[in-house]
2 protein chains.
Amino acid sequence: MKELERLKETHVSTREIFDGDILHIIKDNILLPNNMPATRELIRHVGAVCIVAVTDDNKLVMERQFRYPVDKVITEIPAGKLDSKKEDPLLAAKRELKEETGYTADTWTDLGVFYPAPAYSDEAITLFMARDLHKGTQNLDSDEFLDVSLVPIEDMLKEIMAGNINDAKTQLGILRVARILGI
Amino acid sequence: MKELERLKETHVSTREIFDGDILHIIKDNILLPNNMPATRELIRHVGAVCIVAVTDDNKLVMERQFRYPVDKVITEIPAGKLDSKKEDPLLAAKRELKEETGYTADTWTDLGVFYPAPAYSDEAITLFMARDLHKGTQNLDSDEFLDVSLVPIEDMLKEIMAGNINDAKTQLGILRVARILGI
């Protein structure tokens, strides 16, 4: 039997649970691959981008930001939501990097899409590497509070390998870029 | 001003939105660092574990699993939820690896905790490397359907660097372990 037939779950019906400002939750009735009924609770998300921005001397543009759900300030790469499902991720990445950090970049590389929580969310994040950076002025929303700094990629790698960087996209993005750069 | 004072958001009140089988959603009123009111919608999650299991000849124990929210079969490392917030992550990792793949391991290394979506979820996933593996028999729940295979770590790295592995924990976990092993 083909893989998809052996593993696929089939949609039966959808119930809307919560239509919030950020979270949109549905609960679906489905059929398992053996045709037994089950339910799936999940988040519908507009999608997002994140950016590993590397200076000419291999420093990374990093942010420190309070994340309310985990109740602490954590270290992250720049990131943000798409304006809509149809927005070009590259345009969103350029906007978010500029707004959050002030930096613009001449060279952008699309490193592909990842799912942060595919068991219960359809969020897809497109990862970019940005190079040939130019420093400009930050333009935060009035409800955004974050600190920006430049950190040598070797220092970030040490922190990641020590287990001190707890944001998934930040670990993943920096490890991808370090491997591309042979660091 | 200290970083935490400059960035911290303060809890005011909590409203329960949805208490589902998997998702537990709350909406909090908070104060921003500038004392302006705002809201935060978020998921309370029990926590999880994931495991990069490496054979003596540097193959990885990989799974193929249908993920309903993203509507496709994706490649993942073994993973699972804790039974409760208090469960020892190492015990959960041993259980999930055995149940999902049949493998047990003599050597376990805790590589730390990561947050898959700290903007809207408190989920914390503890990452383990498992070595000195022994093959046994899978023991899936009746509603679990997944294929297990051994894949050389070099092949997984090629797929990750090509952008073909879309699960965040899988990219992150394999990149961490490859760096530890000097591959």
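Trainee: In this predicted model, why do the copies meet through the same surface?

Mentor: The two sides of the interface are compared residue by residue. The copies meet through the same surface because, of the interface residues of chain B, those that are also interface residues in chain A amount to 98%.

Trainee: Which rotation superposes chain B on chain A, and how are the two copies related?

Mentor: Chain B is superposed on chain A by a rotation of 180°, with 0.0 Å of shift along the axis and an RMSD of 0.0 Å. The two copies are therefore related as by a two-fold rotation axis.

Trainee: How many residues of chain B are in contact with chain A, and which helix of chain B gives the most to that side?

Mentor: On the side of chain A, 56 residues take part, and they are in contact with 57 residues of chain B. With seven residues, the element that gives the most to the side of chain B touching chain A is helix α4 of chain B, residues 168-181.

Trainee: How do the residues on the side of chain B that touches chain A divide into nonpolar, polar and charged?

Mentor: That side of chain B holds 16 charged and eight polar residues. The nonpolar residues there number 33.

Trainee: Which residues make the contact of α3(A) with α4(A), and is the crossing left-handed or right-handed?

Mentor: From α3(A) come A:Ile153, A:Met156, A:Leu157 and A:Ile160, and from α4(A) come A:Gln171, A:Ile174, A:Leu175 and A:Ala178. By class, this contact has seven nonpolar residues, one polar and no charged. The crossing of α3(A) and α4(A) is left-handed.

Trainee: How many bridges join β5(B) to β10(B), and which residue is the bridge partner of B:Arg64?

Mentor: Strand β5 (residues 59-67) of chain B runs antiparallel to β10(B), and seven bridges join the two. In β10(B), the bridge partner of B:Arg64 is B:Asp147.

Methods
Residues numbered from 1 in each chain as written. Chains lettered and ligands numbered in written order. Predicted model: local features only at pLDDT ≥ 70, side-chain atom pairs only at ≥ 80, totals over all residues. Contact = placed C-beta atoms within 7 Å. Helix = DSSP H or I, 4+ residues; strand = E, 2+ residues; numbered from the N terminus. Nonpolar A, V, L, I, M, F, W, Y, C, P; charged D, E, K, R; others polar. Left-handed = near helix turned anticlockwise from the far one by under 90°. Least-squares fit on C-alpha atoms with pLDDT ≥ 70 in both. Pairing = 2+ DSSP bridges.
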